[in-house]
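Biologist: I am new to this structure. Can we walk through it together, one question at a time?

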Amino acid sequence: MKPARIERRWRALRNSLPALACAIVITITGQPVGGMAEAAPAPPKLKPGKRCDEMYGVKNVPTGGLPQGDASRAVDRWDTYDYTNPGLQFDGLNPTQADLDAAGTDYKRYDHSDPRRIYARFNAQRRWTSFGDYLSKVYIPNQGYDARGKAFMGKVVREMGLTGPDWICEKEFYFKDPDTGKQHLRRLDAYNKRTREIVEVKSNGNPDGREKPADRAWAKNQGWRSYKYTYVFAENQTRDARNFMKELKDTAGRDALGRDRVRSYDYQSHHRGVPPKGTENGPYRANGTTMSPGNGASTGSRGSGNQVINQSPPNPQTLKEQLDRLGRTGERAVMNRGLGGIDFTTLDLRYIGKGKGGKGLDYAFSAKSVEDEYAAGWGGQEKGNLISDAFFTWLALDPSTFWVNLNPDEPNRIIDAGFGKTDAGRILLEADLELKHDIFKAMDPETEAGRNFMNALPQRDGFPCWAGFRYWIEPETAVVREQDGGIHILDTPLKLSTVPQETTTQPPGGKGCDLTEAETQQSDRVLDRYITPLVAEKVNNGDYYADLRRVYTARVAAEWVRQNAADMPAEYRRIINSNDVSRWPLRAPHRNWTGKQVWDRYYKAFTEGTFKYKWSNGEEVYVYTVGGVDFSKQPKSNMNPVRFRTEQRYKPRTVGYAVDTIADDPNKQGYLMFGGNSAGRSETGTPRPTPTPTGTASPTATATPSPTGTGKPTPTPSDSGPTAGQSPGATPPPGPKDPDGGLADTGSSAPVGLIAGIAAVAIGAGGALVWWRRRRGHTGS
């Protein structure tokens, strides 16, 4: 080493010694004797983020622009996206208590492919006591949450053009709240310093509550006044989201051009979780019996409808407990739609058709979405099971058995023996009895309609008089659209009809007035004018009759399968007219229900009196009904293709989405569609418990009664379905559509074969209505 360089180094060292000595003196003498002070911890290093296009593998996409105000994607652009959820490969787990006990609590002992890892995780937590609830509401959603968010974020980067060197994703900042002085760490989904834009992307319809304080601080901080903030929501915004957007807008104010600095963009893109590749039909996959004749273990149905229905709690209290539990742990934001906010009292079947993949049948339900997730969301399993069971009941039994009959003269002809062992039969008979009660209520002279009705009737000595009538429900023409191998069930209205009828059994007070033919017809017209519209409104829209409407819609779907039996999967053809409903019996809590129980309640009301109205002169008026329900007619009209494309333009696309995900229905605002496919299978499976039938497993066909006093012929049974040995017709490749998009062209927009077959199906609820009165003079007269 050169001497000059050595000299310079010694000189630098000599000059630094006094400074070092001073530092040591200050450090030692500046502290109390009690000890050394700790230096304040350095704030964590902020992550710089990465180019969005590089982070999400987006190439050759030009940089785009953001909407300059609140916006929604055009309905034509609504779509879906896929993401991998590892938890879905285990969605069919159903361990015994012994399985759970053997797994212990140390989940790390097990490989990720071992279901015991999930059992141990369940054992290690204390919030959930039901493994099924834990699996569907915690484990599986958690497993897919990050993947879902990243998949949607990548989609937004690509489609909105958040590309180029200026768009940085997952960059971190501190937002200081000027009111509290608190610093909030915030990782931004996308940030552009050059354009002064921030984008926050949500794969659901709700902001993350953990991020709200930081966003509020940003909105108040003057240092960010030049920036604008856009929230992109994949799904419809929740009430909480809309309220938060309004709060941020009000706080952040407007830019120099008078535009809101906070904007929301409703993207309407529905997510579809899929299991890891290679596990699609693994041994732990779920297979359900909803709309599928599979065994519910190794074969059965899968889809969004199954998931939504099966995770629905049985009652409002359980729903509240589960939502509260998820809220306390911050997991409600992870949940897919469906645990709360879907009104299952509106659940109905709206589509059935050939599977998109050529296997099984696709199906789609519809239900109303509600703002308050606590207000609805329970009872999905009950309603879904009712629809599915009714569908198979209509397939298995001959249409000539679809009747019920409440008549005080006929205690031995209440309901067909086989039909009486199903929930579909129970619903029809209970609806018949309820219809009578609603007729009574509508006739009450204390109401305006009842008073007008009584005043317009024929009279004897100033008292209203009437004849006996049969009152029943039957279908209006259903509106459907058959195309592309399926049927869209668009509207299934019901109407009320009456015919004169008398009974031998007498109510209290004996027989009433003897009316002339002209007076009998007058009574009928008065009934149709004042009473029928009120009761028809209840039948078509009232809560009590929702189950009747549900089983009727299932009847429409089942008849379509009957009429197209040659093209249906073999497992469905084997059910048609099999007369075996042992797999779809009465479910709890109605397993011990019988038609005779309903008849006994009816007979007691008929002979002892239930409704009694006082007339102005002190007389009392009794009202009674007899009759039945007959589900043997169901006229249908195939909507022509021009009208369908105009009024239901997006229905086929929505149904296609609904097989795999929960989809908003743009043709029916406020409603969701969700469904599945019947042809799921697993390499192995664990049998699921099935409801225990009441009575014998194989019902015996009985003679078909003619509804009392209708004067109508007994419906002719439909032709038997094909035998199990028949092979289904091959599904042709897509080709030119026929003029109607449905059955073979007959020169009419209505498919003649289908209508003729179903025209052998009426609902009749109600039966003969017999009116009686008993006079009682005024006191002292």
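Modeller: Keep in mind that this is a predicted model. Let us begin with Asp189, which sits in the loop between strand S6 (183-188) and strand S7 (190-192).

Biologist: Which side chain of opposite charge is nearest to Asp189?

Modeller: Asp189 is buried and has no salt bridge. A salt bridge needs the charged atoms within 4 Å. The nearest side chain of opposite charge is 5.3 Å away, and it belongs to Lys202.

Biologist: Which backbone nitrogen does the side chain of Asp189 reach?

Modeller: Among the residues that Asp189 touches are Val199, Glu200 and Val201. The side chain of Asp189 comes to 2.8 Å from one backbone nitrogen, that of Val201.

Biologist: How many residues of strand S9 are buried?

Modeller: Strand S9 spans residues 228-233. On one side Lys228, Thr230 and Val232 are buried, and on the other Tyr229, Tyr231 and Phe233 are too. Both faces are covered. S9 is therefore largely enclosed by the rest of the structure, with a buried count of 6 of 6.

Biologist: Which residue in S10 stands opposite Thr230?

Modeller: S9 pairs with strand S10 (residues 262-266) in the parallel sense, over 5 bridges. Within that pairing, Thr230 faces Arg263.

Biologist: Is Glu434 buried or exposed?

Modeller: Glu434 lies in helix H11 (residues 423-443). Its contacts beyond four places in sequence are Lys441, Tyr544 and Tyr545. The cut-off for buried is under 20% relative accessible area. Glu434 has 16% relative accessibility, so it counts as buried.

Technical notes: Residues are numbered from 1 along each chain as its sequence is written. This is a predicted model: local features need pLDDT of at least 70, side-chain atom pairs count only at pLDDT 80 or more; totals for chains, interfaces and linings use all residues. Side-chain values use heavy atoms; hydrogens and water are left out. Helices (H or I, at least four residues) and strands (E, at least two) are DSSP runs, numbered from the N terminus. Buried means under 20% relative accessible area, exposed over 50%, partly exposed in between (1.4 Å probe, protein chains only). Contact means heavy atoms within 4.5 Å. Lys and Arg count as positive and Asp and Glu as negative; His and the chain ends are not counted. A polar contact is a pair of N or O atoms within 3.5 Å; within protein, one must be able to donate a hydrogen and the other to accept it, and residues adjacent in sequence count only if both atoms are side-chain atoms. Two strands pair if DSSP finds at least two bridges between them.
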